[in-house]
Amino acid sequence: MTPPKRQRREPHEHLPPPPAPAGKQKNPERLFVVAGPDGGERDGDLDLVTLIVARADPPPSATPEQSALLRLCTAPLSVAELSAYLNLPFSMMTVVLTDMLTAGLVTARAPIVRQAVADRSILEAVMHGLQKL
Amino acid sequence: MDFKSSDVVPGPRTEDQLPHTAEAAVKIVIVGGFGVGKTTMVGSVSEIKPLTTEETMTQAGIGVDDNYGSDTKTATTVAMDFGRISITEQLVLYLFGTPGQERFWFLWNGLFEGALGAVVLADTRRLEVSFDVIGRLEERGVPFVVAVNTFPDAPRYAVSELRTALDLAEEIPIVECDVRRRASSRDVLMTLMHFLHALATAKTPV
């Protein structure tokens with residue numbers, strides 16, 4: 001039996017444009033209103049695996065989401081985990097976190113590998129870690 | 001003044017907390033069609049019970065999903081399961097399992113951006129499901145390996161046949177695996193890491 005056959009592709013420059021920023025959409029469907037004053041701004045540095053750590057106890061002015069988040073990340077926790085525990089979509093998490101980063105309530109530990117080729121020392125560390133599994 | 005809010009959010013169990021020394025995290029994306037075993041693979045190697053994060057499709061789905069202009073506009077929710085492996089006291093690895101259709105990918109702002117690489121999980125009963133996934137990764141320049149999850153009733157092909165069918169370059173590893181087994185899933189990840197290491201070595205000679 002012969003398996004089906006695929007056509008190879010090459011890397012190309014014309015990737016689909018990213019979705020327009022939420023703040024500039026004409027008729028955005030606002031599903032969540034937990035955002036701070038301006039939900040349209042997004043911190044482009046926040047990744048699913050950015051580690052978030054609380055810097056302070058929840059201030060009296062904190063929203064319920066902020067208080068819950070601060071209790072969760074007394075130890076480092078990724079944005080993805082926060083999103084899962086708080087049951088908030090990732091895009092909403094970035095909005096909430098951007099406000100909290102600005103307010104100095106949390107810090108982000110995010111020296112994420114964003115190079116075209118990953119750092120070999122990191123790859124070696126990961127390999128070593130996997131071997132212990 | 002130590003009262004608690006009535007809606008305390010369940011968080012990680014104490015043993016699931018990362019050490020305070022955790023400084024950086026890296027990610028690997030496991031991509032494949034529905035039912036191919038992505039979540040099983042994540043779960044078999046993760047140190048935490050796999051978690052689910054969700055994203056909602058609103059503007060991004062217009063022109064893709066036929067819900068534009070509909071009176072009962074409902075947002076499509078897409079879920080992604082992920083797990084975690086602590087590599088060192090400082091470094092954490094996250095594994096994300098994501099559906100193959102690209103319309104789901106760009107919901108996740110930068111899911112592949114900064115990822116070490118990807119595992120394409122394939123099922124020989126539905127090999128063509130992998131075609132588009134592989135093509136998209138090639139276009140984006142995301143390094144990947146192909147792991148064939150061996151289901152008992154699935155046709156078996158030689159690696160050379162799979163390579164031809166998937167039109168993969170000679171250097172791209174193809175491995176068989178049983179993602180229910182931790183060692184097998186671990187070996188797939190190791191194959192990816194060795195491949196990435198070879199790429200890194202080739203591009204930045206000592």
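A: In chain B, 73% of the contacts with a separation of 6 or more are made by residues 24 or more positions apart; two residues are in contact if their C-beta atoms, placed from the backbone, lie within 7 Å. The model is a predicted one, in which local features need pLDDT of at least 70 and side-chain atom pairs count only at pLDDT 80 or more, while totals for chains, interfaces and linings use all residues. Residues are numbered from 1 along each chain as its sequence is written, and chains are lettered from A and ligands numbered from 1 in the order in which they are written.

Chain B contains 5 helices and 7 strands, arranged from the N terminus as β-α-β-β-β-α-β-α-β-α-β-α. Here helices (H or I, at least four residues) and strands (E, at least two) are DSSP runs, numbered from the N terminus. Of its 206 residues, 41% count as buried. A residue is buried if 20 or more other C-beta atoms lie within 10 Å of its own, exposed if 12 or fewer, and partly exposed in between, with C-beta atoms placed from the backbone.

In soluble globular proteins, nonpolar side chains tend to be buried together.

Apart from its neighbours within four places in sequence, Ile30(B) is in contact with Lys38(B), Met41(B), Val42(B), Leu95(B), Phe96(B), Gly97(B), Val119(B) and Leu121(B).

Chain A meets chain B through 55 residues of chain A in contact with 71 residues of chain B. On the chain A side, the elements giving two or more residues are helix 1 (64-72), strand 2 (77-78), helix 2 (79-86), helix 3 (90-102) and helix 4 (120-131). Helix 4 of chain A provides the largest share, 8 residues. By class, this side has 35 nonpolar, 8 polar and 12 charged residues; Ala, Val, Leu, Ile, Met, Phe, Trp, Tyr, Cys and Pro count as nonpolar, Asp, Glu, Lys and Arg as charged, and the others, Gly among them, as polar.

Chain A itself has 4 helices and 3 strands, in the order β-α-β-α-α-β-α from the N terminus. Of its 133 residues, 35% count as buried. Helix 2 and helix 3 of chain A pack at an angle of about 105°, with their axes 9 Å apart; axes are lines fitted to C-alpha atoms, for helices over the stretch in contact, and angles run from 0 to 180 degrees between N-to-C directions. Helix 2 of chain A is therefore roughly perpendicular to helix 3 of chain A, the class for 65 to 115 degrees; angles under 35 count as roughly parallel, over 145 as roughly antiparallel and the rest as oblique. In this contact, Val79(A), Leu82(A) and Ser83(A) of helix 2 meet Phe90(A), Met93(A) and Leu97(A) of helix 3, giving 5 nonpolar, 1 polar and no charged residues. The loop between these two helices of chain A holds Asn87(A), which has a positive phi of about 60° although it is not a glycine. Asn87(A) is partly exposed, with 13 other C-beta atoms within 10 Å.

The strands of chain A form an open sheet of 3 strands in the order 2-1-3, with antiparallel pairing; two strands pair if DSSP finds at least two bridges between them. Its edge strands are strand 2 and strand 3 (106-109) of chain A, each pairing on one side only. Strand 1 (residues 51-54) of chain A is joined to strand 3 by 4 bridges, and Ala54(A) has Val106(A) as its bridge partner.
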